[in-house]
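Reader: Please take a close look at the aromatic side chains of this model, and at what surrounds them. I would like one connected account.

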Amino acid sequence: MHYAPNNSGHGFVPAVERVFNRCLQLMVGLVFFAFITPSVCFAASPITIGGSLGLSGRFAPIADALKKGFSLWEQNTNERGGILGRPVRVIITDDHSDPDYAKTIYRELIERKQVDFLFGPYSSLITEAVLPVAQQYDMPLLIAGAAADRLWEQGFRSAIGIYTPASKFTIGFLELLVRNGLDNIALLYASDPFSIDLAKNTQKWARRFALTIGHLEMFEKDVSNLAPLATRARNKGAQVMMVCGHMEEAVNTVRALNDLKWQPKAVYASVGPALPAFHDRCGEDGQYVFATSLWEPRANYPGAQEFNRQFIETFGVSPGYHAGLAYAAGQVLEKAIVETGSIDRISVRDTLSHLDTMTIIGRFGVDKAGKQVRQHTFIIQWQNGRKELVWPDQIKTAEPVFK
């Protein structure tokens, strides 16, 4: 852009005019820069979403996956222009996998940082601890890291579930047992809320499928040697070993069976085997283990393949389903805010209660209690070093293998 010379006859530009022209040039340059760069410039203040995750402590590996999912959603949303013309900012604090510390964090997020919305922590144990805080301040809590049914059975109107609750996790696996003539199940479960709920509901569904649970045993969460429990299950003549727990329980189950040199007809572990880290830790010993998964890129829901590709490019690892759940929580919140047309938390919560939408993990929709009723689970099995989808039939990539 060209500016005409000064023709005032003084032979120089007064200082004030020189400063003005320089500022104008800078402004023009900034506008030009904004047009040629891919970033989006926002004039409005950000919409803030706070939460805690156990980035240190026993939940660290899965908490890290959730954080990466939230981060990628934040990045993509801002590159698209934000929500209602405003950027989004996700604030995640390490709760050290401690329920009491998590409660302190959520109070600080609401009272001092004055966040607009909340993402839930990882684990039903910690989520149950922070729900009363969200309820006290009438803040919707989007739960992408917990599935114990009891979270939605206490009257918390703030609890918005992103994925299928624990009560339905094992239905697909039990159906496979019936189809393949297997019975006499040993059901072991850890002493945390999720695992207890999962075991209780597995017993209920087993009765409906006319399956026999020949051995039922709870163990403390910090117990790592599961060989004595596996020995008792073997002595009861169990054909099938089912373990309700998280990653450590899954890995410890494989180690116990390997130490005993016992191979049940089928082995199921609720959470760990669906994640890439399970194969990294167990290798060939984890061959043929079944598990529930809540998202797989091959299910090919809208945006799932792109999310999978972008996650690998950004973080250098494949996303487990927890990362997908976190990203989906952001998608659900974004949709609710757009439909509401504001960030009024009460109005957004009301929108969430009747929202019916698709995410990368499938369909979202909750009942009156906020429990997810439209998203579906998958059953996976490790075969020849590869995680295969074996249920439901419509999207399976391999037939289930029983020993």
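Author: In this predicted model, arginine 208 lies over the face of tryptophan 205, 4.5 Å from the centre of the ring.

Next come the contacts between rings. Searching the whole structure gives 12 aromatic pairs. One of them joins phenylalanine 70 and phenylalanine 119: the ring centres are 4.3 Å apart and the planes meet at 5°, so this pair is stacked. The cut-off for stacking is under 30 degrees. Phenylalanine 70 belongs to helix H2 (residues 60–79) and phenylalanine 119 to strand E3 (residues 117–119), so the pair ties together parts 49 residues apart in sequence. Phenylalanine 70 has a relative accessible area of 1% and is buried. Phenylalanine 119 also counts as buried, at 0% relative accessibility.

Another aromatic pair, phenylalanine 307 with tyrosine 327, is tilted, with 4.9 Å from centre to centre and 50° between the planes.

Strand E3, which holds phenylalanine 119, is part of an open sheet of 5 strands with parallel pairing, in the order E2-E1-E3-E4-E5. The edges are taken by strand E2 (88–94) and strand E5 (159–161); each has a single partner strand, so one side of each lacks a neighbour in the sheet. On average, neighbouring strands are turned by 25° against each other, direction ignored.

Strand E1 (residues 47–53) runs parallel to E2 and is joined to it by 7 bridges. Across this pairing, threonine 48 stands opposite arginine 89 in E2. Helix H11 packs on the sheet and touches E1, E3 and strand E4 (141–143). The direction of H11 makes about 160° with that of E3.

Notes. Residues are numbered from 1 along each chain as its sequence is written. This is a predicted model: local features need pLDDT of at least 70, side-chain atom pairs count only at pLDDT 80 or more; totals for chains, interfaces and linings use all residues. Side-chain values use heavy atoms; hydrogens and water are left out. Rings of Phe, Tyr and Trp (its six-membered ring) pair if their centres lie within 6.5 Å; planes under 30 degrees apart count as stacked, over 60 as edge-to-face and the rest as tilted. Helices (H or I, at least four residues) and strands (E, at least two) are DSSP runs, numbered from the N terminus. Buried means under 20% relative accessible area, exposed over 50%, partly exposed in between (1.4 Å probe, protein chains only). A charge sits over a ring if NZ of Lys or CZ of Arg is within 6 Å of the ring centre and within 35 degrees of the ring normal. Two strands pair if DSSP finds at least two bridges between them. Axes are lines fitted to C-alpha atoms, for helices over the stretch in contact, and angles run from 0 to 180 degrees between N-to-C directions. Contact means heavy atoms within 4.5 Å.
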